[in-house]
Amino acid sequence: MHITNFIQVVSQGLVKLNWGMLCLLLNASAIDLLTKYKLFFRIQLAINVQIPVEYGGLGGKAVYIDTEGSFMVERVYQIAEGCISDILEHFPHSHEKSSSGQKQLQPEHFLADIFYFRICSYTEQTAAINYLEKFLGEHKDVRIVIIDSVTFHFRQDFDDMALRTRVLSGLSLKLMKIAKTYNLAVVLLNQVTTKFTEGSFQLTLALGDSWSHSCTNRLILYWNGNDRYAYLDKSPSLPVASAPYAVTGKGVRDAVSSNHKRVRVT
């Protein structure tokens, strides 16, 4: 599986692979733009994990832990409509065979299968992650847990960096156990920042070097001119690679040309 297959997971939902903990990073040089467009990635994942099995998907549900208050129901509805449109385009007649298939292909059905948690402090975030194991034991069809972002409260609420490191280490171990036990993907949103090392500024994870080793896979989203790219920076089984992607009104899609300009998505 190459990096381009990850874009296919986002845009088509066809690859059934548990990546353990995947960390999505935002390049600091374009943080404002990417903060806007990361919304598409996380919602696209929450939608595509629900694609019914008969259409090549997982037929699962999603847990969405929102620490920033940036979850937009209108955008989820829009991306769900785009996903349904693609399904009907590729399977024009199969949904007509059963009433259950027609019921599944409704935006409201996709929204109903996202379990949403609004988090307002790092203590709530810790409590929610500790609660996940019990919750997932009762909802065995959940196939993805998205935390957006794991960074937010830990960058604001801590003066004791040693304590922060210990808390984050405990959370990462808990999330890795959850991913393995329940055979699901855990997607963490983080930011990239800069630090001054050996006379120059270098990119580093916002939560420090120890956190950089916690995630199984690390994917960096960045601009290259007017093109958007996803760069696989870390993986235990895949080579370092990058791939272009496009953000459209329907959500995240494979890049169809080399000119994906920074246009406004309405």
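Which residues of H3 are buried? Select helix H3 (73-90) and colour it by accessibility: the buried residues of H3 are Arg75, Val76, Gln78, Ile79, Ala80, Gly82, Cys83, Ile84, Asp86 and Ile87, where buried means under 20% relative accessible area, exposed over 50%, and partly exposed in between, with a 1.4 Å probe and protein chains only. Helices (H or I, at least four residues) and strands (E, at least two) are DSSP runs, numbered from the N terminus. H3 has 18 residues and spans 26 Å from its first C-alpha to its last, close to the 26 Å expected at 1.5 Å a residue, the expected span being 1.5 Å times one less than the number of residues.

Before moving on, note that this is a predicted model, in which local features need pLDDT of at least 70 and side-chain atom pairs count only at pLDDT 80 or more, while totals for chains, interfaces and linings use all residues. Residues are numbered from 1 along each chain as its sequence is written, and side-chain values use heavy atoms, with hydrogens and water left out.

**The whole chain**

Of the contacts (heavy atoms within 4.5 Å) with a separation of 6 or more, 70% are between residues 24 or more positions apart.

**The nonpolar cores**

Next, select Ile47, Ile114, Ile144, Ile146 and Tyr245, which touch the most other members among the 35 residues of the largest nonpolar core. Such a core is a set of buried Ala, Val, Leu, Ile, Met, Phe, Trp, Tyr and Cys residues joined through side-chain atoms within 4.5 Å. The elements giving two or more residues to this core include helix H2 (31-48), strand E2 (61-66), strand E4 (142-148) and strand E9 (241-248), and the largest share, seven residues, comes from H2. Apart from this core lies another, of 25 residues, among them Ile65, Leu175, Ile178 and Ala179.

Now centre on alanine 62 in strand E2, which is buried with a relative accessible area of 0%. Not counting residues up to four places away in sequence, alanine 62 touches Ala46, Val49, Asp113, Ile114, Phe115 and Ile144. A C-alpha to C-alpha distance from alanine 62 to isoleucine 47 gives 7.9 Å, although the two are 15 residues apart in sequence.

**Helix H8**

Select residues 161-181, helix H8, whose 21 residues reach 30 Å from first C-alpha to last, close to the 30 Å expected at 1.5 Å a residue. Here Arg164, Leu168, Leu171, Ser172, Leu175, Ile178 and Ala179 are buried. They cover an arc of only 125 degrees around the axis, which puts them on the same side of H8; the arc is that of the directions from the helix axis to the C-beta atoms. An α-helix has 3.6 residues a turn, so residues three or four places apart point the same way. Turn to the other side of H8, and Arg166, Leu173 and Lys180 are exposed.

**Aromatic pairs**

Show the aromatic side chains: rings of Phe, Tyr and Trp (its six-membered ring) pair if their centres lie within 6.5 Å, and planes under 30 degrees apart count as stacked, over 60 as edge-to-face and the rest as tilted. By this rule there are eight aromatic pairs. Phenylalanine 117 and phenylalanine 135 form an edge-to-face pair, 5.5 Å centre to centre with 80 degrees between the planes, and the pair links strand E3 (residues 114-118) with helix H6 (residues 122-138), the two residues being 18 apart. Phenylalanine 117 is partly exposed at 21% relative accessible area, whereas phenylalanine 135 is buried at 7%. A tilted pair joins tyrosine 122 and phenylalanine 154, at 5.9 Å centre to centre and 55 degrees between the planes; tyrosine 122 lies in helix H6 and phenylalanine 154 in helix H7 (residues 152-156), so the pair ties together parts that are 32 residues apart in sequence.

As a last stop, select glutamine 125 in helix H6, which counts as buried at 1% relative accessibility. Leaving aside neighbours within four places in sequence, the contacts of glutamine 125 include Thr67, Ser149, His153 and Phe154.
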